[in-house]
Amino acid sequence: MPRPPFKKRLMRDVFRCISLLNAPVYLWPYFSREAGAEYGVGFFRKAHLLWSMFRNRFRIVTASGFLDHVVMVTEILKIPRDVKGVVVECGSYQGGSMVNFSLVCAMVGRELHVFDSFAGLPEPSEAEKLHKVLSIRNISTFQKGDWCGTIEVVTENIRRYGSLSVCRFHQGYFDQTLPQFREPVVFVFCDVDLRTSLEPCVENLWPLLQDHRMLFTHEAHHMEIAGLFFEPEWWQSRNLEKTPPGLVGGGSGIGLYVSDKGRFQSALGFAVKNLQVTDLASSGPEAAPWPVVVRPILTREEHFDNSGTLDGPPSVTVSAASSNT
Ligand SMILES: C[S@@+](CC[C@H](N)C(=O)[O-])C[C@H]1O[C@@H](n2cnc3c(N)ncnc32)[C@H](O)[C@@H]1O
């Protein structure tokens, strides 16, 4: 890929440094007890992993960022130990994100399955040659062969800086390799650029993904990609879900990096499999140190029937004690 001009790279790095100043916000969940305790991974091992991830950012050319990796590794550490399954990455390029997934997978005793052509992008359709990234007023363009990281380069990078023994490689275009895959999955990262590449990933991996587990995309800020997670026809026609799961961060990514447009944004977004309102309420007190308020959803008539106010009946506050019963 052509390198952006010096001034643009400088500005990007300045804003990246500013983003790093927010590190305490992202490191709070990373260093929380919930992340890793079930695997016996405590503060010092997590500190060491963080340092390795930081150094890997400069060792391997990567399309994703350090904070992206911290957020996703935190989620892998939080997966309950008794939930069976492997971690999957679709789209590895030179192994910049894969290397850090391999390190955390070695810690938690899970396999990392990596799917890639190892020859770059397939030929994009005319409609896909250009994606509008409205949140940062940008345009992403794609050509066949972009983002090529050969299997030799990736293997060598992981052997030097990661944990090769947990990695399983699936070489080929996704529509050929993914339909053969049958393992239960606990985490998915799709960094695949094109909607036509994302579709076989979601179609084949969503049914294998365990309930309440996350599928991340690294193109959440591309409307063409975010849209897929909100299209009932697409999900229904493939017998995946009656209601699409939506995408946290759809349209602008979750707020990780400061952009030169004066906003927090990123490329990262996620969908959660089969998460119900009741699950959110019951996990509230563990997930947050404040009480979670659950308001029943009312019809318009119920709102007004209830002593003429719009507030409805009293809300239910879920406390740690009540959720444990
Ligand atoms: C942006 S790069 C991945 C970047 C990487 N995750 C990182 O953080 O550095 C996109 C990758 O997706 C792969 N890819 C995209 N579409 C594909 C398809 N249909 N089949 C196989 N590989 C594909 C490309 O070969 C490339 O390695």
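An open sheet of six strands, with mixed pairing, runs in the order 5-2-1-6-7-10; strands pair if DSSP finds at least two bridges between them. Its edges are strand 5 (167–171) and strand 10 (269–272), each of which pairs on one side only. On average, neighbouring strands of the sheet are turned by 15° against each other, direction ignored. Helix 4 packs on this sheet and touches strand 1, strand 6 (185–190) and strand 7 (209–217). The direction of helix 4 makes about 170° with that of strand 6. Axes are lines fitted to C-alpha atoms, for helices over the stretch in contact, and angles run from 0 to 180 degrees between N-to-C directions. Contact requires C-beta atoms, placed from the backbone, within 7 Å.

The model is predicted: local features need pLDDT of at least 70, side-chain atom pairs count only at pLDDT 80 or more, and totals for chains, interfaces and linings use all residues. Residues are numbered from 1 along each chain as its sequence is written. The chain has 13 helices and 12 strands, which are DSSP runs numbered from the N terminus (helices H or I, at least four residues; strands E, at least two).

Within the sheet, strand 1 (residues 86–90) pairs with strand 2 (residues 112–116) in the parallel sense over four bridges. Glu89 has Val114 of strand 2 as its bridge partner.

Helix 4 (residues 66–78) also packs against helix 3 (residues 43–59), at an angle of about 145° and with the axes 10 Å apart. Met53, Phe54 and Arg57 of helix 3 meet Phe66, His69, Val70 and Val73 of helix 4 in this contact.

Conventions: Contact = placed C-beta atoms within 7 Å.
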